[in-house]
Amino acid sequence: MSKFNPSDRAQLSARMDKIPDHLYMQCPYCHAVYYHAELTRFGECPHCGYGMRLRAQERLAMVADDFEQRDGDLTLTPAVTDGAYQQKLNRAVASAGLHESVWTGLAHIGGYAVALGVMDTHFMMGSLGRVAGEKLSRLFALATDRRLPVVLYTASGGARMQEGLFSLMQMAKVAQAVADHARAGLLYVVVLTDPTTGGVTASFAMEADITLAEPHALVGFTGRRVIEQTLHVDPPQDFQRAETLLRNGFVDAIVARSDQKTYLVDLLRIHREPEVAHE
Amino acid sequence: MNSAYDVVRQARSQDKVSTPWLIAQLLTHFHELHGDQAQGDDPAIIGGVGLLVGQPVTVIATNKGQTLAESQACHFGCATPAGYRKAIRLMQQAAKFGRPVLNLINTPGAFLGVDAEYQGQGQAIAQCIMTGVSLPVPMVSVIVGEAGSGGALALACGDRTWMFAQSTYSVLSPEGYASILWRDGQRAAEAAEHMRLTPPEILADGIVDRVIPEVTDVPGAQQLGAELAATFTTLGELPTQQLLAARHERYRNFGVDGLQE
């Protein structure tokens, strides 16, 4: 083979097939291309620090010492799901390996007992429906009962449209469980991760005592495309990113994944209950 | 027979009574209180104090505006963060003075815009919901026309929600639903049939407590005023703990019928 005898299309394609996929990745935020091994062990872009969307299990492994799942088998009754929605749910269960868009349970973080919730966008974009609303309400109720702090990682496209008004009502339902927990004088820390939008932003994502966010996480109420199409404007690139929310006063701090556990442990230490301290 | 989309059209109709007119009929000695005391005064939310059949009440209403200029200033009834923060302020003021809160709702949803995002639209609605569910005084919401999405829910988190006969309550507009689920905004009428957004369907689903006759004239408004006053009296007789416990049950149970372990 020489430059006078270039490889034909089939030979090129055969050679391409020998290169494994996903060796090079592109950051969805800064668009830099990097070798896969450059991704930090916390799944962050080596150039801008954007955190890739994680599965709930990966998130738990990063933050929790241990995790005892609650209400993992809670599902909708067949009576309330029509054919198309049930099929979509079945596909989501099969592909995400989860039964719902949020995992809830009891955990320890740096030795401190917490009630922990982790949302997962791999299950129907982390949308909020009856099951997720019930699981989160029970999580806050359990935490209130046992006088535990709540740590919640949000990641959601918002209300689950297939469940209509019931989905909207979950915003009020979870908010009430948050309010009970707050009235008991207990700590609620939220970590906003990419993306946190719609009905989740307009409820429990914005009701914590301390609101943390991951670098460059998209956090907003109305989706960018809806604003563009309705108002025919082109918002600045970063108008719903964590850094903008910090500047506008809606986020307490932006914390990289590598620092999150230490940060949370400090907050748990500062807010620990006196009787626990005497044990 | 009316189709679901007919109800949507009636809920959006220009001929429907306006919330300022309703306030004028329901309350005497009404005084509007302006502003969120942080950023500005959103005309899409009217708030104030007055007497309802002699009882002091706080009223909070979304406003679509009567003239084109008014409607534009009100974003056709879509409240901004300043509007929800005004609502929160007035709810807290009502709690301080132990008077009930009446919310009148006719909004397609919260205002969407770049500035609204910068000012924390999601945070403002979230805090309004949280204020509502834990408010230590009776709160009744009446859906007069459209009640769309979180922007409507923010004002419907009290002890009772009633709907006019020609009104709708939905997670988003039928146009938005069709465009999200079927990628075709033209199929709004079909979406409306699907969404269970008409008063009888929502009542059957246990999300609202009553469907009330459409108010079109002064006697109708007086009848509504009398029923609201009676409801506030009944709710007001409950000790605060009991009021909050009942409200707790109300929200705790939304949607549990459809769940299994």
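Biologist: What share of the contacts in chain A with a separation of 6 or more comes from residues 24 or more positions apart?
Modeller: Such residues account for 67% of those contacts in chain A. Please note that this is a predicted model.

Biologist: What are the overall scores of the model?
Modeller: The ipTM is 0.95 and the pTM is 0.94. For chain B, the average pLDDT is 95, and 100% of the residues score at least 70.

Biologist: And how many helices and strands does chain A have?
Modeller: Chain A has 10 helices and 10 strands. Its C-alpha trace spans about 80 × 45 × 40 Å along the principal axes. Of the 279 residues in chain A, 46% are buried.

Biologist: In what order do the strands of the open sheet in chain A run?
Modeller: The order is 3-5-6-7-8-9-10, seven strands in an open sheet with mixed pairing. Strand 3 and strand 10 (253-254) of chain A are the edge strands, as each pairs on one side only.

Biologist: Which strand does strand 5 of chain A pair with over eight bridges?
Modeller: That partner is strand 6 of chain A, and the pairing is antiparallel. A:Gly105 faces A:Leu116 of strand 6 there. The two strands make a hairpin with two residues between them, and A:Gly110 in the turn has a positive phi of about 55°.

Biologist: What about strand 6 and strand 7 of chain A, parallel or antiparallel?
Modeller: Those two strands pair in the parallel sense, over four bridges. A:Leu116 stands opposite A:Val151 of strand 7 in chain A. Strand 6 of chain A is mostly covered, with six of its eight residues buried.

Biologist: How many bridges join strand 8 to strand 9 in chain A?
Modeller: Four bridges join strand 8 (residues 188-196) to strand 9 (residues 210-213) of chain A, and these strands run parallel. Within strand 9 of chain A, A:Thr211 is the residue opposite A:Val190.

Biologist: Turning to helices, which residues of helix 2 in chain A are buried?
Modeller: In helix 2 (residues 56-63) of chain A, the buried residues are A:Ala56, A:Arg59, A:Leu60 and A:Val63. They lie on the same side of the helix, because they cover an arc of only 100° around the axis. An α-helix has 3.6 residues a turn, so residues three or four places apart point the same way.

Biologist: What do those buried residues pack against?
Modeller: The buried residues of helix 2 of chain A pack against strand 3 (66-70), strand 5 (102-109), strand 6 (112-119), strand 7 (150-156) and helix 9 (257-270) of chain A.

Biologist: And which residues are buried in helix 2 of chain B?
Modeller: B:Thr19, B:Leu22, B:Ile23 and B:Leu26 are buried in helix 2 (residues 19-26) of chain B. Viewed down the axis of helix 2 of chain B, these residues fall within an arc of 100°, so they line one face of the helix. Their cover includes strand 1 (27-32), strand 2 (45-52) and helix 11 (218-237) of chain B.

Biologist: Now the interface: how many residues of each chain are in contact?
Modeller: On the chain A side there are 46 residues, in contact with 41 residues of chain B. Helix 5 of chain A supplies the largest share of the chain A side, 14 residues. By class, that side has 25 nonpolar, 16 polar and five charged residues.

Biologist: Which strands pair between the chains?
Modeller: Strand 4 of chain A pairs with strand 9 (residues 259-260) of chain B, in the antiparallel sense and over two bridges. A:Leu76 has B:Leu259 as its bridge partner in strand 9 of chain B.

Biologist: Which residues touch the most other members of the largest nonpolar core?
Modeller: They are A:Ala175, A:Leu192 and B:Ile129, in a core of 140 residues. Helix 5 of chain A gives this core its largest share, 11 residues.

Biologist: What is A:Ala175 in contact with, leaving aside its neighbours within four places in sequence?
Modeller: Its contacts are A:Ser203, A:Phe204, A:Glu207, B:Ile129, B:Met130 and B:Val133.

Definitions and conventions:
Residues are numbered from 1 along each chain as its sequence is written. Chains are lettered from A and ligands numbered from 1 in the order in which they are written. This is a predicted model: local features need pLDDT of at least 70, side-chain atom pairs count only at pLDDT 80 or more; totals for chains, interfaces and linings use all residues. Two residues are in contact if their C-beta atoms, placed from the backbone, lie within 7 Å. Ala, Val, Leu, Ile, Met, Phe, Trp, Tyr, Cys and Pro count as nonpolar, Asp, Glu, Lys and Arg as charged, and the others, Gly among them, as polar. Two strands pair if DSSP finds at least two bridges between them. pLDDT is the predictor's confidence in each residue, from 0 to 100. A residue is buried if 20 or more other C-beta atoms lie within 10 Å of its own, exposed if 12 or fewer, and partly exposed in between; C-beta atoms are placed from the backbone. The arc is that of the directions from the helix axis to the C-beta atoms. A nonpolar core is a set of buried Ala, Val, Leu, Ile, Met, Phe, Trp, Tyr and Cys residues joined through C-beta atoms within 7 Å.
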